Amino acid sequence: MADRPTLEDLVRLQGERVRALKQQKASAEQIEEEVAKLLKLKAQLGPDEGKQKFVLKTPKGTRDYSPRQMAVREKVFDVIISCFKRHGAEVIDTPVFELKETLTGKYGEDSKLIYDLKDQGGELLSLRYDLTVPFARYLAMNKLTNIKRYHIAKVYRRDNPAMTRGRYREFYQCDFDIAGQFDPMIPDAECLKIMCEILSSLQIGDFLVKVNDRRILDGTFAVCGVPDSKFRTICSSVDKLDKVSWEEVKSEMVGEKGLAPEVADRIGDYVQQHGGVSLVEQLLQDPKLSQNKQALEGLGDLKLLFEYLTLFGIADKISFDLSLARGLDYYTGVIFEAVLLQPPAQAGEEPLGVGSVAAGGRYDGLVGMFDPKGRKVPCVGLSIGVERIFSIVEQRLEALKEKVRTTETQVLVASAQKKLLEERLKLISELWDAGIKAELLYKKNPKLLNQLQYCEEAGIPLVAIIGEQELKDGVIKLRSVASREEVDVRREDLVEEIRRKTSQPLCIC
């Protein structure tokens, strides 16, 4: 019997023979006979004990992006970035990993989801959990007290992801933050305006932005009798009210977190309320809350916030919701979260929230945690949940059976006769040098029909056709793929004509 290396060579050669026969469309009997020989050789080869079976897959909670998905993603990013820039933001970037101590103690109960890395070169590192803590570290390190910035990058969470709902272990965040000492609620109102502008521009359905204030929550807990030491843990229970019933939240507070049932009931009377500025005014008159300094400050700021939101024309998109808690420890004031709405099942019912797509809030103490002298830099910001938005846009395009262009090619340089490769190469070089996005088929003498079919498949809108007659006349035949109309354009005018015909506004699909 032949040794293993010889058998492996025979298997490889026989496999190539089978593939060649299939490409040549040989008879089924011939292919069958050669496949039988291949299987016999593989049987002689037997299993390789030294090799483990390798499964090709992406790690849990991650995904590859196809060209189609990338095209959708880039268009979503274009909408978001153009809005951030319209509001005067600068862009920064930070490392994908931070010193472990930078991230420790900033996320409350969510700290268990941080990815720790092995000790490399004497430093304990962790992958960033969000973009806010690295931003605060950046401000403190560079002694910055005033900046309006955006940052789009990947973050990492050691979660059990529900990928079907746009939740991953590795995902993008799109953050916008305003840092600096300003008059109350003006930057906060602008953040809410930006959130509404982006969600409206993306056309992903009706949405509602829930607003609350950490000071109102803490004041509520205090007047209801929650011990100071339990504020944060009770806060994380309240934050689940958008997903589970009050009975389940109360059960967790009492059974798991040791809160007295009557205290939980008092909390329930408050956190199940939601409304507009009238609810703010009602709570300002509440005999208990109005005696709490923190709650009073929060309610006063919310009243002012609603005035600015009315001036921005978005007050109808905002709901004051006392159940909104936002689990992260670093929030100190106004907090907000945008949810997509599902149309009501029955007439008269309220629309249902079907998932958060953006969130944010005020975090005035975070920078001071990094500053050696404890100097505080007030900050407010928002984060767009782009992974969920990608999923929604993709589903919508699938449902509409819409084609998504995966390239931005404006024109294909084609030839009508043989032996015109040199002319095609000269013309496409001219177009590239002029900044035109152009392609050509990598064949010496492609058929015109094949070139036109390629344009239709790739969504290329124009074809610049070179022929012997066109070369003599000093023109190029410019063909519109959709209408099939053709015009002769003087070679020196071609760039301008392509630009004119392909200028179009930005859209998602």
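Colleague: In this predicted model, what covers the buried residues of helix 8?

Modeller: The buried residues in question are Phe231, Ile234, Cys235, Ser236, Ser237 and Val238. Their cover includes helix 7 (214-224), helix 9 (246-256) and helix 10 (261-271).

Colleague: Why is helix 8 described as largely enclosed by the rest of the structure?

Modeller: Helix 8 spans residues 231-238, eight residues in total. It is largely enclosed because, of these eight, the number buried is six.

Colleague: Which residues does Ile267 touch, not counting residues up to four places away in sequence?

Modeller: Ile267 is one of the residues that touch the most other members of the largest nonpolar core, which has 101 residues. With residues up to four places away in sequence left out, Ile267 touches Phe221, Cys224, Val226, Ile234, Val238, Trp246, Met253 and Leu259.

Colleague: Which helix gives the largest share of this core?

Modeller: The core draws at least three residues from each of domain 2 (58-180 + 374-406) and domain 3 (206-363). The largest share is nine residues, and these come from helix 6 (residues 186-202).

Colleague: Is helix 3 roughly parallel or roughly antiparallel to helix 6?

Modeller: Val76, Val79, Ile80, Cys83, Phe84 and Arg86 of helix 3 meet Ile194, Glu197, Ile198, Ser201 and Leu202 of helix 6. Helix 3 (residues 67-86) packs against helix 6 with the axes 10 Å apart and an angle of about 150°. Angles over 145 degrees count in one class, so the arrangement is roughly antiparallel.

Colleague: Is the crossing of helix 3 and helix 6 left-handed or right-handed?

Modeller: The two helices pack at an angle of about 150°. Their crossing is right-handed.

Conventions:
Residues are numbered from 1 along each chain as its sequence is written. This is a predicted model: local features need pLDDT of at least 70, side-chain atom pairs count only at pLDDT 80 or more; totals for chains, interfaces and linings use all residues. Side-chain values use heavy atoms; hydrogens and water are left out. A nonpolar core is a set of buried Ala, Val, Leu, Ile, Met, Phe, Trp, Tyr and Cys residues joined through side-chain atoms within 4.5 Å. Buried means under 20% relative accessible area, exposed over 50%, partly exposed in between (1.4 Å probe, protein chains only). Helices (H or I, at least four residues) and strands (E, at least two) are DSSP runs, numbered from the N terminus. Domain bounds come from an automatic or database domain assignment. Contact means heavy atoms within 4.5 Å. Axes are lines fitted to C-alpha atoms, for helices over the stretch in contact, and angles run from 0 to 180 degrees between N-to-C directions. Angles under 35 degrees count as roughly parallel, over 145 as roughly antiparallel, 65 to 115 as roughly perpendicular and the rest as oblique. A crossing is left-handed if the near helix is turned anticlockwise from the far one by less than a right angle, and right-handed if clockwise.
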